[in-house]
Structures are given as structure tokens and as C-alpha cells.
Amino acid sequence: MENIEALREEVLAEVEKAGDLAALEDIRISALGKKGRITGLMKNLGKMDPDQRREFGQALNALKDQVASAIDMRKGDLENAALEARLSGERIDVTLPSRPSETEGRIHPISQTIDEIISIFGEMGFTLAEGPDIEDDFHNFTALNIPAEHPAREMQDTFYLPEAEDGSRLVLRTHTSPVQVRTMQSQTPPIRIVAPGRTYRSDSDMTHTPMFHQLEGLVIDEKTHMGHLKGCLLEFVKTYFELDDVPVRYRPSFFPFTEPSAEMDIGCSRKGGELKIGAGDDWLEILGCGMVHPRVLAACGLDPEKYQGFAFGIGIERLAMLKYGIPDLRTFFDTDLRWLKHYGFVPLDVPNMVRG
Ligand code: DAH
């Protein structure tokens, strides 16, 4: 009996001290396992007389139960402690700022530039419009006052799709201007939209790629004039190039869908072979614009006596090259990962008017 008492104290003390689950398991095996200390005492029962055996047997069974439940309790405590330790080790402080520079992916400069331009015009009250890349003749040309046989059709090096049975041919849109037509057909003025997107021309050299991007702008209302156009575009270039002031000039130009038509230049300097936007005695052409031609309004179902407005078309690659110092247009579409790592933007750096 003293053996049992001594063993009880010994084993319970060990259990209490077990520092982890593995140590606890060792103790369990050394007490209750096949060759364990308690199991060892069980083996003596056979040599005892019946009374002694009953008494000793009961005491041993009680010890076994006591040790087993002590081990269970200790095991529960150790498991809880281990879970606590893991949870606090894996804890994430969701209030910390993210570290976007560590992410692998990059946003293409074209996407970034489009987002920036949209955000600037969005702030001025423009909404976003879209149209299909594959257009019909009416939307890409006729409604824009470019009738069949008009030389402007040749100007644009159009990609034609195979002829349909009725002889008509769809085209890859040569500019984003057809979105003007779709918008005027589907909305009633006042209209203020910008429409970015892919455009296509059969042209490929240092400064032309067969696919490129434009952004179309359109404002239609009852009292819109050239002053609105100038104010709006001046505000745009100042914000886009992050300059307090930019000299601009409008040169008379020709587009079939606007009258009058103009090209807008911004002031720059090319001293020492380095292009700087904003100051200097040189000019850089950045967009085409004008007052929407009355024939275009009429073709889109709007009354030219009641409505007028302005439109503009911007080449997105050019704007991206100017702002981010990308020297070669063709590299935009080489899908070269090293190029993208260099010129691309971190995904969480979403441009907006507050953060720039
Ligand atoms: N669609 C013209 C082009 O691709 C660009 C353009 C010029 C759009 C003047 C306009 C505009 O809306 O008013 O060359």
C-alpha cells in the first residue's frame, strides 16, 4: 500500500510538471503503458491472497483512474496554451498599412493612365461610356460626317472585316469617336462622357502600332461653347501633368465631325534634348478637339437648333509616354516583364484626386 501512495505522489508530481504534450505522453507511457509503473504493480496481484488482492486491486484501479484523469486535464491545459501561443504568433494587425511594394504584379502604364484621366474627368462630372471594338460603317464613319468616298476614310488606314452577304463590311474602330454617336443615340442631353478604349489602324512603325488607345470626350447641352471646351481641357492638362499652370494654344485644324476644329498644344521646352512640359518656348501637340458638327448631331437624332457641344480625342500612349518618360511606343505592347516591372504601377496605388 505504501508503494501505491508513493507512486501516486510521484506520478502526479510528474504530470503537474510536464512542460509539453510530448513530455506528458512519455509520462503516460511510463505509468500506464504496457511496461509502465502502475501496470507493473498490477502484475503483483496474482501472488496475493484474495482479501489482499481485492483491497490492493481497488486501490490500484483508483490510482489508475486518478492518474489518467490528471493526464487528461494536463493535456487540455497544454493544448490550450499551445493554441494561445500559435494564435498570438499568427496575429495580424489589420490596422497596419499594407506594403504594396512587396506584391509581384504591376499595372500597365496604359491602364494607369486611363484610370488617371477618368478620375480627373470624373471629378469634373463626366461619366464613363464604352463602345465595341468592332464597329459598323455608320458609327465609325457615316454618322461622324465621313460619307463613303470621303478622303478621311483613306486617312485612317482602316482594318476591314470580311464582307457580309449584303456587301457591308464591319471595321475595327479606327478611333473612339463612334462612342460619341452611340451615346447621343442612347442618352438625352445634358451629356458629359469620356470613353477610353482600343483603336486600330493598319499602320506600324516607330511611332505607330496597329492597336493603340484613345480617350474620347463629349459634352452636349443647350448652351455649350468653345470657352467651355478650353476651360475644361486646360483644367485637364494642368491636373494630369500636376502643374499649377500650363501654356496652351489652339491651332485651327480639320476633323469632319467638328466645326470649328482645333488641335491643342501645350508649352514645353526641349533644351539640352530633354523634354519638359509646362514652360519654355516650344509647343507639343496633345489632342484634337472642336465643336460637334451640326450634321453629327442630326445623324444621332439630336436637334442641332437646340443642342450643341464639344468633343475631344486624346492619344493615351502619347500622354503616358510624356508623363512617365517612356521613350519608345512599341515597347508598350512587347509584353516584356522586365519593362513592366520598370514602368508598371503597384496595384494598390489606385490613382484618385486626393492621392494624386
Ligand atoms: N477621332 C480623331 C482621330 O482619331 C480624334 C478626335 C479629334 C476626336 C477631334 C474628337 C475630336 O472627338 O473632336 O484622329
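**Exercise 1.** How many residues does the largest nonpolar core have, and which of them have the most contacts inside it?

*Solution.* Before starting, note that this is a predicted model, in which local features need pLDDT of at least 70, side-chain atom pairs count only at pLDDT 80 or more, and totals for chains, interfaces and linings use all residues. Residues are numbered from 1 along each chain as its sequence is written, and side-chain values use heavy atoms, with hydrogens and water left out.

Step 1: recall the term. A nonpolar core is a set of buried Ala, Val, Leu, Ile, Met, Phe, Trp, Tyr and Cys residues joined through side-chain atoms within 4.5 Å. Buried means under 20% relative accessible area, exposed over 50%, and partly exposed in between, with a 1.4 Å probe and protein chains only.

Step 2: the largest core has 40 residues, and Phe121, Phe236, Ile266, Ile286 and Phe312 have the most contacts inside it.

Step 3: look at where its residues come from. Elements giving two or more residues include α5 (109-123), α9 (226-240), β7 (258-269), β9 (282-292) and β10 (308-315). Helices (H or I, at least four residues) and strands (E, at least two) are DSSP runs, numbered from the N terminus. Helix α9 supplies the largest share, six residues.

Step 4: another core lies apart from this one; it has 23 residues, among them Phe141 and Leu297.

**Exercise 2.** Which residues are linked into a cluster by ring pairs?

*Solution.* Rings of Phe, Tyr and Trp (its six-membered ring) pair if their centres lie within 6.5 Å; planes under 30 degrees apart count as stacked, over 60 as edge-to-face and the rest as tilted.

Step 1: the structure holds eleven aromatic pairs. In one of them, phenylalanine 121 and phenylalanine 126 have ring centres 5.1 Å apart and planes at 70°, so they are edge-to-face. Phenylalanine 121 is buried at 0% relative accessible area, and phenylalanine 126 is buried at 8%.

Step 2: the cluster joins Phe121, Phe126, Phe236, Tyr240, Phe241, Phe310 and Phe312.

Step 3: turn to tyrosine 240. The charged end of lysine 323 sits over its ring, 4.3 Å from the centre; the rule for this is NZ of Lys or CZ of Arg within 6 Å of the ring centre and within 35 degrees of the ring normal.

**Exercise 3.** Is histidine 175 buried or exposed?

*Solution.* Step 1: locate histidine 175 in the loop between β3 (171-172) and α8 (178-186). Step 2: its relative accessible area is 3%, so histidine 175 is buried.

Step 1: look for polar contacts, meaning pairs of N or O atoms within 3.5 Å; within protein, one must be able to donate a hydrogen and the other to accept it, and residues adjacent in sequence count only if both atoms are side-chain atoms. The backbone oxygen of asparagine 140 lies 3.0 Å from a polar side-chain atom of histidine 175. The side chains of histidine 175 and serine 177 make a polar contact of 3.5 Å.
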